[in-house]
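Colleague: I would like to learn how to read a model like this one. Could you take me through it, feature by feature?

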Amino acid sequence: MDLLGEEIEMATLQDVSNPAPDRQVQEEEVRAALKETLLELSNEERLLIRLRFEDQQPVREVARVLGWSSEFTARRRLKAVLKKLRGGLETRGIRGPVS
Amino acid sequence: MNIESHNSEHPSAEILAAFLDQTLPEGERDWVAGHLDACDACRQELSLAASVLAEGRASKGKWLWLAPLAIAAAIVTLLLLPLDRIMGPDGPAALQRAERSEGTPVFAIVAPQQEQSLRPAEVHFEWRAVEPGAHYELTLMDHQGDIVWSTGTSDTLLALSEEMILAEGLYYWVVDALLEGAREATTDVHQFTIESGD
């Protein structure tokens, strides 16, 4: 993963969770896969994803809220969780444009 | 995201403080994390307390001025935290302590050695193998903690690509190992300095 790995990963996830109208048929399938994959994460991992991508908190703030002493830790955890999410989606046949 | 939660009780201020301080038992931390994932109000409360706490840490010895600035929930949370948590220095040493306290096994690096100075062309990374079949993720950060390079390998030796020349300055690096059975291990965060290539 390169320097923008986190953003690329998220772009991938956003892409599969927000398909264009002509891909509407796939939408339910994608959403179901995403929900299943999220449920496979630990509570802390889901909280991490929610803080960063739903609440749109900066990584530094995410680290603070989770009681981690450093932004380093948050970045590394995010990377690992996004990798896990992508793996879960791919297992279910969902692939984004960035591999 | 629409993860349902059946947590009806909100965690107390004491429990939120312990969550921030990483002192909750694993099962209880998991419960609190699940509640926070589902409860906007508690997330906001914790976020506010964490922000005030961070400002307090930045002020170092002047932590008492926090009180007038904090709203009730944040104050309650803050007062429950140990003083060294408020005043403790941040940085790689703190990160190392945090990593260790999370219970992740630590393995050793070989090169660059801690605080070593080297020229850009001399940079390569090497660490001790954890166990056969391990996958490693190396993260290289600049002096501000921004990730400048991150890559995975099954080897224990990595060189920078030819196109990547590190500028003069201080860098931090850490390797995470992903092991069979979803186990993990990590190195301490080490630092090295790139000196002028002239």
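Colleague: Where do I start?

Modeller: With confidence, as this is a predicted model. Where pLDDT is low, the predicted coordinates should not be read in detail. Chain A averages a pLDDT of 75, and 70% of its residues score at least 70.

Colleague: In chain A, where is confidence lowest, and where is it highest?

Modeller: Helix α1(A), residues 5-17, is lowest, at a mean of 53. Helix α3(A) is highest, at 91. Over residues 1-5 of chain A, pLDDT stays under 50. The model has 6 contacts beyond four places in sequence for that stretch.

Colleague: How many helices and strands does chain A have?

Modeller: Chain A has 5 helices and 0 strands. From the N terminus on, its elements run α-α-α-α-α. Of its 99 residues, 40% count as buried. Now take contacts in chain A between residues at least 6 apart in sequence: 61% of them join residues at least 24 apart.

Colleague: How do I describe two helices that pack?

Modeller: Two packed helices are described by the angle between their axes and the distance between the axes. Here, take α3(A) and α2(B). Their axes come within 8 Å and cross at roughly 30°. The crossing is left-handed.

Colleague: Which residues of α3(A) and α2(B) meet?

Modeller: From α3(A), they are A:N43, A:E44, A:R46, A:L47 and A:R50. From α2(B), they are B:D30, B:A33, B:G34, B:L36 and B:D37.

Colleague: And the nonpolar core?

Modeller: In soluble globular proteins, nonpolar side chains tend to be buried together. The largest nonpolar core here has 32 residues. Those touching the most other members are A:L48, A:V62, A:L66, B:L20, B:L46 and B:A49.

Colleague: Which elements give two or more residues to this core?

Modeller: In chain A, they are α2 (24-39), α3 (43-54), α4 (59-65) and α5 (71-91). In chain B, they are α1 (13-20), α2 (26-38) and α3 (40-59). A second, separate core has 17 residues, including B:W127, B:W149, B:L158 and B:A177.

Colleague: What does B:L46 touch, leaving out residues up to four places away in sequence?

Modeller: B:L46 touches A:V65, B:L16, B:L20 and B:L36. Two of those names return in α1(B). There, B:L16, B:A17, B:A18, B:F19 and B:L20 are buried. Just after α1(B), B:Q22 takes a positive phi of about 60°.

Colleague: Now the strands. What is the order of the open sheet in chain B?

Modeller: The open sheet has 3 strands in the order β1-β3-β6, with antiparallel pairing. In chain B, β1 (109-111) and β6 (157-159) stand at the edges, each with a single partner strand, so one side of each has no neighbour in the sheet. The twist averages 20° from one strand to the next.

Colleague: How many bridges join β1(B) to β3(B)?

Modeller: 2 bridges join β1(B) to β3(B), residues 124-127. In β3(B), B:E126 is the bridge partner of B:A111.

Colleague: Which strands pair with β7(B)?

Modeller: β4(B), residues 135-142, and β7(B), residues 169-179, pair antiparallel over 8 bridges. B:L140 has B:W173 in β7(B) as its bridge partner. β9(B), residues 190-194, is joined to β7(B) by 5 bridges, again antiparallel. Here B:Y172 stands opposite B:Q191. β8(B), residues 183-186, pairs antiparallel with β7(B) over 4 bridges. B:A177 stands opposite B:A185 in β8(B).

Colleague: Why does B:E115 count as exposed?

Modeller: Because B:E115 has 10 other C-beta atoms within 10 Å, and the cut-off for exposed is 12 or fewer.

Colleague: And A:Q56: where does A:Q56 lie?

Modeller: A:Q56 lies in the loop between α3 and α4 of chain A. A:Q56 has a positive phi of about 55°, although it is not a glycine. With 8 C-beta neighbours inside 10 Å, A:Q56 counts as exposed.

Note on methods:
Residues are numbered from 1 along each chain as its sequence is written. Chains are lettered from A and ligands numbered from 1 in the order in which they are written. This is a predicted model: local features need pLDDT of at least 70, side-chain atom pairs count only at pLDDT 80 or more; totals for chains, interfaces and linings use all residues. A nonpolar core is a set of buried Ala, Val, Leu, Ile, Met, Phe, Trp, Tyr and Cys residues joined through C-beta atoms within 7 Å. A residue is buried if 20 or more other C-beta atoms lie within 10 Å of its own, exposed if 12 or fewer, and partly exposed in between; C-beta atoms are placed from the backbone. Two residues are in contact if their C-beta atoms, placed from the backbone, lie within 7 Å. Two strands pair if DSSP finds at least two bridges between them. Axes are lines fitted to C-alpha atoms, for helices over the stretch in contact, and angles run from 0 to 180 degrees between N-to-C directions. pLDDT is the predictor's confidence in each residue, from 0 to 100. A crossing is left-handed if the near helix is turned anticlockwise from the far one by less than a right angle, and right-handed if clockwise.
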